[in-house]
Amino acid sequence: MDPKLLPRAVRAELRGLSPEAAEAVGAHLVAAGQLIDVDPELAFRHAEAARRRGSRLPVVREASAETAYAAGEYAHALQEYRALRRMTGEQIYLPVIADCERALGRPQEALSLVREARGLNLPGDTRVELLLVEAGARSDLGQVQEAHRLLRDALRNGIPGASSLSQARLAYAFAEALLSRGREAQARTWFERAADWDAERQTDAADRRDELDGLLVEFDDSDDPEVASVELDDGVASVESDELGVASVEPDDGVASVEQDPSGSVSKPATDHADPEVASVESDDPEVASVEQDP
């Protein structure tokens, strides 16, 4: 692992160590960063190896905290995030500190941290994270309606400075809350809005929307890259593409045409809107939808 792969600011911070220690710590940090999404437990071990040689550096403590959180080592993550907050004076760690408290079964402690943060001038994305933790803690305490209200009001009123991804995460959480209360149509609307905001697909909002639509595409890992399994409401069909990229899907009750692009993705057949039983639903309000039916 080459420490030169680290960002320049991180390499500058490592200069506070001896050259030998800086090289070893840097290599462990590179490994932790590359592994955190695929093997968080191993990433955590690399971060701990770095911490043993460079515990006084905030960047090392942050790597230890993030990998511990990813690996589910919430007590260790809580300790490291608290240390980071003391070392840097930064309040942006409050949401994840509160979330660690919640993960350790202490929702009241999480809510205390949320209340502490209300008087601070925090970035929009940090405020979104705090609100998501608060809603989760309310749900943990059985205050489901209050959690629902928090998410609804945040989407209705907006949070200044919040990024598109934060908006997507809010919409996703609200869709989950609606789904837990049996409101599938409204949940579908908010999963779709979350997917629209999430341009880089950091969440699985689009997949959740497709599940509610009754279409789930699972590609076979066999040698034939053009074969996929498509699960519909009424059964499972085999999808095979010809050389032109057009596939036919034969569910239990008929044949539908599915277009497939060269990359192998499959789009759902178009709905026949001539059916008088099909209605379009559109709403700007998180809880109120207007229904306009085809005459």
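The protein chain exposes about 16,800 Å², of which carbon and sulfur atoms supply 46%; such accessible areas come from the Shrake-Rupley method with a 1.4 Å probe, and for residues only the protein chains shown count as cover. The structure is a predicted model, in which local features need pLDDT of at least 70 and side-chain atom pairs count only at pLDDT 80 or more, while totals for chains, interfaces and linings use all residues. Residues are numbered from 1 along each chain as its sequence is written, and side-chain values use heavy atoms, with hydrogens and water left out.

Of the 295 residues of the protein chain, 40% count as buried, where buried means under 20% relative accessible area, exposed means over 50% and partly exposed lies in between (1.4 Å probe, protein chains only). The chain has 12 helices and seven strands, taken as DSSP runs numbered from the N terminus (helices H or I, at least four residues; strands E, at least two). Among contacts (heavy atoms within 4.5 Å) between residues at least 6 apart in sequence, 42% join residues at least 24 apart.

The largest nonpolar core has 24 residues, and those with the most contacts inside it are Leu151, Ile159, Leu170 and Trp190; a core of this kind is a set of buried Ala, Val, Leu, Ile, Met, Phe, Trp, Tyr and Cys residues joined through side-chain atoms within 4.5 Å.

Leaving aside neighbours within four places in sequence, Leu170 is in contact with Val128, Leu131, Leu132, Leu151, Ala154, Leu155 and Ile159. Glutamine 167 has its place in helix H10 and counts as buried because its relative accessibility is 18%; not counting residues up to four places away in sequence, glutamine 167 touches Leu155 and Trp197.

Helix H8 has 17 residues and reaches 24 Å from its first C-alpha to its last, close to the 24 Å expected at 1.5 Å a residue, the expected span being 1.5 Å times one less than the number of residues. H8 is mostly covered, with 12 of its 17 residues buried, including Val128, Glu134 and Arg138. The buried residues of H8 pack against helix H6 (94-103), helix H7 (107-117), H9 and H10. Just after H8, glycine 142 takes a positive phi of about 85°.
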